[in-house]
Amino acid sequence: MKKEPRYPFVNRMTKTQTALGWCYLPFHILIFPVLLSLYAAFSPDTVSATVCNLVYFAVADVFVLLAMFRFLRAGFDALLDGLGFCLVTLLCGLVLYYFLAICASLLLLPFDSLLDSGAPATERVLELAATDYGAVKAMSVFLAPFAEETLFRGVAFGSLRTKSRPLAYVVSTLLFSLYHVWQYALVYQDPSCLLYAISYLPLSIVLAWCYDRTGSLWTSMFFHMAYNALAFSMLGAL
């Protein structure tokens with residue numbers, strides 16, 4: 001007899017919230033970044049790149065709060081109900097991440113000649129942090145995970161998870177990974193930038209796994225926040 005999971009996955013997002021989320025995803029991934037880039041290009045002295053990024057995530061967070069508040073509240077209650085299990089999942093997720101990160105680095109080895117530096121998104125964060133460290137850290141640790149987890153895990157993974165677990169992992173992982181690199185492939189007119197998506201696969205898989213295992217989006221959200229905070233602490237030591 002197959003053993004049922006301790007905390008079976010439950011999609012707490014309503015059909016209306018799911019529909020709103022899927023409508024907002026293309027805007028978040030494609031349309032809004034292009035609009036902000038065009039604005040910055042035509043008005044370079046009006047606002048800084050940091051401000052543009054803050055606006056980008058602030059708008060997403062406001063949308064998430066307005067459209068998904070009850071979903072987020074239900075997920076937080078689920079976190080509290082299984083707090084110990086969620087904490088263990090976070091620790092196991094850390095181990096799983098480092099294992100997958102090693103695998104991803106091995107996958108990237110054959111492309112070393114094409115990849116001359118670090119991931120463009122990481123390089124961009126380093127560039128912004130050099131002048132606005134506090135603002136960029138707050139954006140990366142708090143604003144970005146809150147919006148991204150709700151959209152990529154809550155909407156994309158959650159809505160597909162009830163239909164097909166493998167499909168939910170594949171779609172949410174690819175969306176999240178390509179989301180971090182497609183703009184650079186376009187701006188630099190260099191398709192090889194898309195290869196950097198491989199480096200985001202481990203984090204994306206672990207975040208989906210945390211949500212899948214606990215049924216609370218806040219588990220993956222806190223993992224994402226902790227991951228970005230750790231990355232920034234390493235930047236501060238450089």
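Read along the sequence, the chain runs α-α-α-α-α-α-α-α-α.

User: What am I looking at, and how many helices and strands are there?
Analyst: The chain has nine helices and zero strands. Helices (H or I, at least four residues) and strands (E, at least two) are DSSP runs, numbered from the N terminus. This is a predicted model, where local features need pLDDT of at least 70 and side-chain atom pairs count only at pLDDT 80 or more, while totals for chains, interfaces and linings use all residues. Residues are numbered from 1 along each chain as its sequence is written, and side-chain values use heavy atoms, with hydrogens and water left out.

User: Okay, what does the chain span along its principal axes?
Analyst: The C-alpha trace spans about 60 × 40 × 35 Å. The radius of gyration of the chain is 18 Å, which agrees with the value near 18 Å for a compact globule with 238 residues. That radius is taken over C-alpha atoms, and the globule rule is 2.2 Å times the number of residues to the power 0.38.

User: How much of the chain is buried?
Analyst: Buried residues make up 44% of the 238 residues. Buried means under 20% relative accessible area, exposed over 50%, partly exposed in between (1.4 Å probe, protein chains only).

User: Switching topic: at what angle do α3 and α8 pack?
Analyst: Helix α3 (residues 83–108) and helix α8 (residues 201–214) pack at about 155 degrees, with their axes 9 Å apart. That makes α3 roughly antiparallel to α8. Angles under 35 degrees count as roughly parallel, over 145 as roughly antiparallel, 65 to 115 as roughly perpendicular and the rest as oblique. Axes are lines fitted to C-alpha atoms, for helices over the stretch in contact, and angles run from 0 to 180 degrees between N-to-C directions.

User: Which residues make the contact?
Analyst: Among them are F85, L96 and Y97 of α3 and L203, W209 and R213 of α8. Contact means heavy atoms within 4.5 Å.

User: And S204, is that buried or exposed?
Analyst: S204 lies in helix α8, and S204 counts as buried because its relative accessibility is 0%. Not counting residues up to four places away in sequence, S204 touches R153, S172, T173, F176 and S177. The C-alpha atoms of S204 and F176 are separated by 6.5 Å, though the two are 28 residues apart along the chain.

User: Where does R153 sit?
Analyst: R153 is in helix α5 (residues 133–161). At 0% relative accessibility, R153 counts as buried. Leaving aside neighbours within four places in sequence, R153 has contacts including E148, S204, Y211 and H224.
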